[in-house]
Every structure is written in C-alpha cells, then in structure tokens.
Amino acid sequence: MKKSISSSFFNIAVLLVSLLVLAVQPAHASHNMGGSTSASLSTTTVDVDADENGSWTISGNDGGSQREFRWSLPSGLNVSTGSSSNMNNFRVRSSDGYLQVETDGGGAFSATVNVSSGSGGSYVMENLRAEISLSPNDVTVNVADSGGGGGDTGGGTSGSGTADYTLYIEPGFLTINGDGGAVINVWGYTDASGAPPMVPGPLLEVIQGQSLTVEVVNNHNRSHNFVIQGVTSDTTSISPGSSRTYTFTPNQGGVFFYRDTLNNNVNREMGLHGALIVRSSSSNRVWNNGPSYDIERLWVMTDMDVPRWNNVASSGGNVSTGTYRPNYFMLNGQGGFDAMHDPNTVLEGDVGDVGVVRIVNAGQFDESLHWHGNHFQVISRNGQHLNDFEWQDTINVKGGETMMVLYQLRDGIFPMHVHTAQMETANGVYLNGTATLIVGN
Ligand SMILES: [Cu+2]
C-alpha cells in the first residue's frame, strides 16, 4: 500500500516534469499574433536636469506585420536608441531628421529612447508617422537648467557617492518570454541612472548589526517612496527629479521586503519592489547562531494586472484599484519557462545539501508554494524567527509577506509550483507563471 502510494507520487512527479519539458520546447515556435494592434508611449513628458540622461519607451503589438513609427529630432536634444525587442529597424536618422522605429512583425515589441541635453528648455519629439494606433503621440522633454554652473545639477544629495547602494527609479519594460509572454510596462528600482528598470529591484545585502545607507533617486515623472517592511519607517514621498537617503542598522537576520508604499499598491504592483538580505556575521548561517546551510536562493514573487493596472498607470491614467485581476505571475521577474532554467532561481545542488530559500511575495495575492521531492522546514515568517520549525510540503505566503525555509536536496529533478492554477500561468498559458525546479545531483 505504502509502495503504491509513493510510486504514484513518483509517476505524478515524472509526468509533471515531462509536462514542464514539453511546455518549454515550443516557446519560440509561435508568437501570439492575436493581440490588438496598438502601441503606447511610457510617458508624455520626460523631466531631466541638464547633462543628465532620461528615457521614454514605445511598446505595443504589431499584430504580426512590420509597422513603422517616426518622431522628430528637435535641435538641441541628443537622442539615442536604448534597449529594444522585436525591432527590424531602430535608429536615429539624423540626416532625415527623424527617429525611426520599425517592428519586425513579431507581435509584442518595445524600444527605449534615450534623451539628454546640455542646455535647459522644453523639447517636443513630435510623432510624424504611426502605422497603428498610438497613444499618446508626442513626448516633451523638459530639461532643467543647471543654474549657470553648467556642470553638476541641483537635487540635494543626488550622486553624492557616499551611499552603500544607490537605487534609481525608472520607467520601462519587463519582458516575459514564451507563449503567453509579453512586453509589460513597468516602473522599477534599478542600479544605474537611465538603466532599464529591474523587477525585482537590485538585491540589497548587509551584515546583522551593521549600518547600511541607501540613496534612492527618482528619475520618474511621479512621486515615489522607499520603505523596507519591518526595518525602515520613513514613508516620505520622493518628488520627480529628487532623491532621499536612508540609513538604518538591522539587528535581526533574515529577508525583508522593500517597496514603494504610495498610490494604493499601484506603484508596488508596477514593479517597485525588491529584497534586503540581512546576513549572519558567520558565513552560511541563516542568522547569528541560527541553522547552517550549503546553498541559498532568493525567490521574489509578484503578480500584475497588465490590462487594468500596468497599461493604465504607464500611460498616465488613474488606475481603478477596486478591480484587480492579475494575468501575470512571476518568480524573480520571470515566467516559469525561464525560471525553470535560471541558475539563480532553480534550487540545485548536491544530494544532501541543505538549501535556504528566502521568499518574498511582493504581489498582492497569496501564493501557495508546493514543493515536490521532500518536505522542508519553515524557519522564519515576516522577519520573525520561529521557535519551532514547521515541517511542510506546501506553504501559503501571503501577499506582502516573507518566509525562509530549509530544504534538503534529494536525488532527482522535481517541480516547485503554485497550487493555484491561475498563478501557474502567463496570460492564461500554463506553466509560464510561478514555477521553478528543485534539482539534486
Ligand atoms: Cu505538484
């Protein structure tokens, strides 16, 4: 009896792994051509200081045909091409006086345009051509004069260089690969001025009992903030173009959730979230005098309602927050097809190794994580160390909460997935949601 139960579990595991492998194969075989053909810009205005870089983006779905867009190049404004996806042509045609964006007929596309100027003023990049519907059409770049010095800008402590970490708030895109995937409008913290936003944001690390200074520079055209749950309490808004510095000393080891708490969870949902790891002063312990581990992983999960929240917020609209029906579910900013191959996400090591997994649910929905292969111990919840570690094979991590677990690797490849069917998907496509693998070698 016992044997038949365990062998049926084994069969289920094998079946699931086969499904995972099958699901991964056709990821590039077909694009989703069914999306509506339209494009939108990430902003109507870019505010920068003289000699600083700003950016804006165009994204949309070309419906499977090449589409071209053009914008004027105002004199005095430096325009260059940044990151892009699914482009046939994306270049500055100086002699013709326009920026050319031509998609490759691959469905979802995006392109980031970098702008800067050495002299203050208002520069309008006027839309000259749009082969599918585009909203808004033009982008105004407002360059603040640096006050005659011509060199550094105002803006308080910006760029002071004394912080342990400097985070920059930027708008841009998150690309989910494979069927069900899309180029999603996001806002995120990132590690360089003008760089694409990171979702989740840069990992912050500090040793228990040591001081950490984080400077946050807001390069976006809306107010934001930066609060580490259970660690910092300053919720002051950082206005567009300004920065704020936070200094704190965490005494409790573990994993903590940082995010923008403004705008009724919209800012956090748009991608403004990440993790702080407070490490033990002795290596390979989960906290001072805590249990030891051999390998470690960080899993930051999130969910996004792209049509009702991301698309509305990124185009400058007001999100109706009473309705939230997320259609994307990410692990470390990836759909399952990628997260199952990402060495920083897959819990892989030698048989017998103990892995600590630090989990942050930055989303708004609870995620019930089910681990195949072995039971694990929950050792910490929301920064609080548990007195009695709980043995589990599934844990519910509430939206906005953190967990730490210890898992001992067994021989084989096992899935870790969410026990809520919808959350295993990316826009309805199974297994491109919250899923990864556990591998014992
Ligand atoms: Cu399962």
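**Entry: the core**

I started with the largest nonpolar core, which has 101 residues. A nonpolar core here is a set of buried Ala, Val, Leu, Ile, Met, Phe, Trp, Tyr and Cys residues joined through C-beta atoms within 7 Å. "Buried" has its own cut-off: 20 or more other C-beta atoms lie within 10 Å of the residue's own, while 12 or fewer makes it exposed and anything in between partly exposed, with C-beta atoms placed from the backbone. Which residues touch the most other members of this core? I found V141, I184, F256, A275, L276, Y328 and M404. The core draws at least three residues from each of domain 1 (38-154) and domain 2 (189-440); those bounds come from an automatic or database domain assignment.

I then looked up A275 by itself. Leaving out residues up to four places away in sequence, A275 touches P200, L203, V255, F256, F257, Y258, L298, V300 and V360. (Contact means that the C-beta atoms of two residues, placed from the backbone, lie within 7 Å.)

**Entry: what kind of model this is**

I have to remember that this is a predicted model: local features need pLDDT of at least 70, side-chain atom pairs count only at pLDDT 80 or more, and totals for chains, interfaces and linings use all residues. Residues are numbered from 1 along each chain as its sequence is written.

pLDDT is the predictor's confidence in each residue, from 0 to 100. The chain has a mean pLDDT of 88, and 88% of its residues reach 70 or more. Over residues 21-34 the pLDDT is below 50, and this stretch has 18 contacts in the model beyond near neighbours in sequence. Residues 147-160 also have pLDDT below 50, again with 18 contacts beyond near neighbours in sequence.

**Entry: the whole chain**

I looked up four helices and 33 strands in the chain. Both are DSSP runs numbered from the N terminus: helices are H or I with at least four residues, strands are E with at least two. Of the 441 residues, 44% count as buried. Among contacts between residues at least 6 apart in sequence, 71% join residues at least 24 apart.

Strands of a sheet pair through backbone hydrogen bonds, either parallel or antiparallel. Two strands count as paired if DSSP finds at least two bridges between them.

Sheet one is open, with five strands in the order β23-β33-β30-β25-β28 and mixed pairing. Why is one side of β23 and of β28 left without a neighbour in the sheet? Because β23 (347-349) and β28 (394-397) stand at the edges, each with a single partner strand. The twist averages 20° from one strand to the next; the axes behind it are lines fitted to C-alpha atoms, for helices over the stretch in contact, and angles run from 0 to 180 degrees between N-to-C directions. Inside this sheet, β30 (412-418) and β33 (435-440) pair in the antiparallel sense over six bridges. There I found P415 standing opposite L437 in β33.

Sheet two is open and mixed as well, with three strands in the order β2-β12-β9. Its edge strands, β2 (45-49) and β9 (121-125), each pair on one side only. Neighbouring strands are turned by 20° against each other on average, direction ignored. β9 and β12 pair in the antiparallel sense over five bridges, and T140 in β12 is the bridge partner of V124.

I also checked β6 (87-93) and β7 (98-103), which pair in the antiparallel sense over six bridges. R91 has Q100 in β7 as its bridge partner. The two strands form a hairpin with four residues between them, and G97 in the turn has a positive phi of about 80°.

Most residues other than glycine have a negative phi, and most peptide bonds are trans. I went looking for exceptions.

- The bond from S135 to P136 is cis, with omega near -15°; P136 sits in the loop between β11 (133-135) and β12 (139-144).
- The bond from V199 to P200 is cis too, with omega near -5°. P200 lies in the loop between β14 (182-190) and β15 (204-207), and P200 is one of the residues A275 touches.
- N332 has a positive phi of about 50° although it is not a glycine; N332 is in the loop between β22 (328-331) and α4 (336-339).
- N382 has a positive phi near 55°, in the loop between β26 (376-381) and β27 (384-392).

Is N332 buried or exposed? N332 is buried, because 20 other C-beta atoms lie within 10 Å. N382 has 16 within 10 Å, so N382 is partly exposed.
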